[in-house]
Amino acid sequence: MHHALLVNEIVLNILAAVREADASCSQLNALARTCHFLSPLALDFLWSDLPDVRPLLQYMKPMISNDPRTSVPCASFQGAASRVRKLSCPPLAFSDTHSQVAFTERLRLLSMMRIATSLIPNLRRLSWTDTDQSRYVYIRLFLSPTLESLELDFFFHKPPDFPFLTLLPELCPNLHSMSISKHSVISLSEDEGPSAVQTICQLPRLTALECKSSTISEADLLRLSQLKSLTTLSLGIPSWVSSDHGSLAPHSSRTSRDCADSSWFCNLRNLHLRAYSMPIITSFVEPGCRPLQSVVFDVSEAPTSASLTECFSTLYSSQCDKECSTMRSIEVRDSLSNAILAVSQLLPNSKIITVDVFKPLFAFTKLRVFDLGVCLSFSLSDSDLTVMASSWPELEVFCLNDRRGWHPSASEPKLSITVRGLQSLCALCPRLYQIAIVLNALSPCPITSLSSRQAALTRNLAVTRLSLGDSRLANPQDVACALSDIFPRLRRISAWQYPLDTLPKGRYYRKLWEEVNNILQQRDITAVAR
C-alpha cells in the first residue's frame, strides 16, 4: 500500500470523489471489500447518506427468527445503522404492490423487536416523504436523541393519530430544524388534543421551521411568535388574514401581534412568507420581526407599485437604525412568471415601478442580494440606477425581473437604462457577480472616457452571463464591444426568452442578441488562439 494512503485526509478526498462520480455506490462497495484498512472509511461513506431506507432494512435478519418480540437486529444491521447520518424514506410507486407489502412487513417486524437503544444511534437528518398512511406509525422507530433535522412531507389532518408528535421534545431534544411541507398545520378544537405547533413550540433547541401549508390557526401563530429560539421561519400565511390591509379581519394577525407586543418573532433572522397578496405580507411584518437578515416574499397575485412601496416601508420601519445594517438579502416575486404585458399598452401608474418604490430600502446599506420578479412595468433611468447602486455598495446579486422583462410603458418611453448606466452600476458595486436588468441599446453605446486606473476599477471580472430580458438594440457589434469593455469575461447574454419572444418584434430582437453572443464567442476563440 502506498504511504500516502496512511494520511486520512487523502483517503477521505479519494472516497469523496468516488462517491460523487458513482451514483449507484457500487465502486464504494467494492472499495469497502478491498482491504481491512479501507473498509471502515469506505463503509462510512457508503452508509452515511441513504436516499432510501430499504437497503438498510435488507440487513434486518433477527438473531432469533421464531419470535420477533424477543429478537434483536443482527450485528450486520446494527453495524450499518450506526454509520447512517442522513436517512430518507421516499414514496413508493403505487403500482409496485410487491415492494409496498414487503416494505410494510419489514417495518412491522422491526417494530416488534427488542431494541434497548436508538435504532439508528447517530442519525442527524430524517426525511419521511412516504405517502402510505399505514406506515406513518413506524416513523417513531427512527427518532433518536441525536436527530437535528426532521422533514415530514405528507398529508394528515389529525395529529392525535400520530403519538410520536407529542413525544418529539422527549425523543429528539436536540432537534433544531423541522419541515412540515404538506401538513395541514393544525386548527383543531380543544377536545381533539394539542396541535402540532403546540408540540413544536416545546422543542427546546428549535431554530428553523418550515410550514408550506397555509392553515395555521391564529392561536398557533401566536405561540410560534413567542418561540425565542426560532431564527428561521418559512410559512404560508393563512386565509383568515384579510387581504384588505386597511381593514383586517377581527381574528387577524394584528390581534395576535397586540397580544404578543414587542416579542413578536423577536429573534427571527431569516423570513420566508407565502401569501395571496402583498398586503397580507405587509400585515404580518408590521411591526415586529427584527433584526432580520434575509426576507423572501412569494405572492400569488401581481402586486401594485403602491403595495410594494407600503411593504418596503413597513419592512424598513420594523427595523431600528442599528438593525438596518444587518439586512443582507431581499427577494420578492409573484407566481405570474409567464404573464406578459403588451408593449403598446398604456399602463396606469399602479403598474409602473419607479425609483420611489425602492427608496425605503436604501437604509439597508449592507444589502448583498436584491431580487424582484413581478408582473409590472419598470421606468428607471441611468441616474436612478446610480442612486440605487450608491445605496447598496456591497451588492452581489442585482435582479429586476430576471427572464421576465420590464415591459416598457408607452406613457414614459424616455426613461430607460443604457450601457453607461450599467457601467456606473459596476463601478459603484464592485462585488456584483449576477445581474438581470433591461437596457436600451437602440442608440450608440459610448463608454464614458476613463483613465486606465478608473477603467480597471469599472471592469467586472466576475460576471460571465447577463440576463437582459426585453432589451432592445440596433447594432450587435457596437453592443458587444461596449459590454465586453465592462465585462471582459462575458460569455453569453440571455434576452427575449419565452414568453417575451411572443411579443411584437420579440423574435427580431432575440436574433440580434444571438448575433451579440456569436461575436462574444468569436472573441473568446481569437483570445485563446493568441
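Me: In this predicted model, is arginine 333 buried, partly exposed or exposed?

Reply: Burial is read from the relative accessible area, with buried meaning under 20% and exposed meaning over 50%. Arginine 333 has a relative accessibility of 32%, and therefore counts as partly exposed.

Me: With which residue does arginine 333 form a salt bridge?

Reply: A salt bridge is read from the distance between a side-chain nitrogen of Lys or Arg and a carboxyl oxygen of Asp or Glu, which has to be within 4 Å. Here the partner of arginine 333 is aspartate 298, and the closest N and O atoms are 2.6 Å apart. The pair links distant parts of the chain, since arginine 333 belongs to strand β10 (residues 329-334) and aspartate 298 to strand β9 (residues 294-299), 35 residues apart. Aspartate 298, with a relative accessible area of 18%, is buried.

Me: How many salt bridges does the rule give, and which residues do shared partners join into one network?

Reply: The count comes to 16 salt bridges. Arginine 368 counts as partly exposed at 30% relative accessibility, whereas glutamate 394, at 14%, counts as buried.

Another pair is arginine 492 with glutamate 514, where the N to O distance is 3.1 Å. As for the network, salt bridges that share partners join Lys366, Arg368, Glu394 and Arg431.

Me: What share of the residues of the whole protein chain counts as buried, and how many helices and strands are there?

Reply: Of the 530 residues, 47% count as buried, and the chain holds 17 helices and 19 strands. The accessible surface comes to about 25100 Å², with 53% of it belonging to carbon and sulfur atoms.

Me: Among contacts between residues at least 6 apart in sequence, what percentage joins residues at least 24 apart?

Reply: Contacts can be sorted by the separation of their residues along the sequence. In this protein chain, 77% of the contacts between residues at least 6 apart join residues at least 24 apart.

Definitions and conventions. Residues are numbered from 1 along each chain as its sequence is written. This is a predicted model: local features need pLDDT of at least 70, side-chain atom pairs count only at pLDDT 80 or more; totals for chains, interfaces and linings use all residues. Side-chain values use heavy atoms; hydrogens and water are left out. Helices (H or I, at least four residues) and strands (E, at least two) are DSSP runs, numbered from the N terminus. Buried means under 20% relative accessible area, exposed over 50%, partly exposed in between (1.4 Å probe, protein chains only). Contact means heavy atoms within 4.5 Å. Accessible areas come from the Shrake-Rupley method with a 1.4 Å probe; for residues, only the protein chains shown count as cover.
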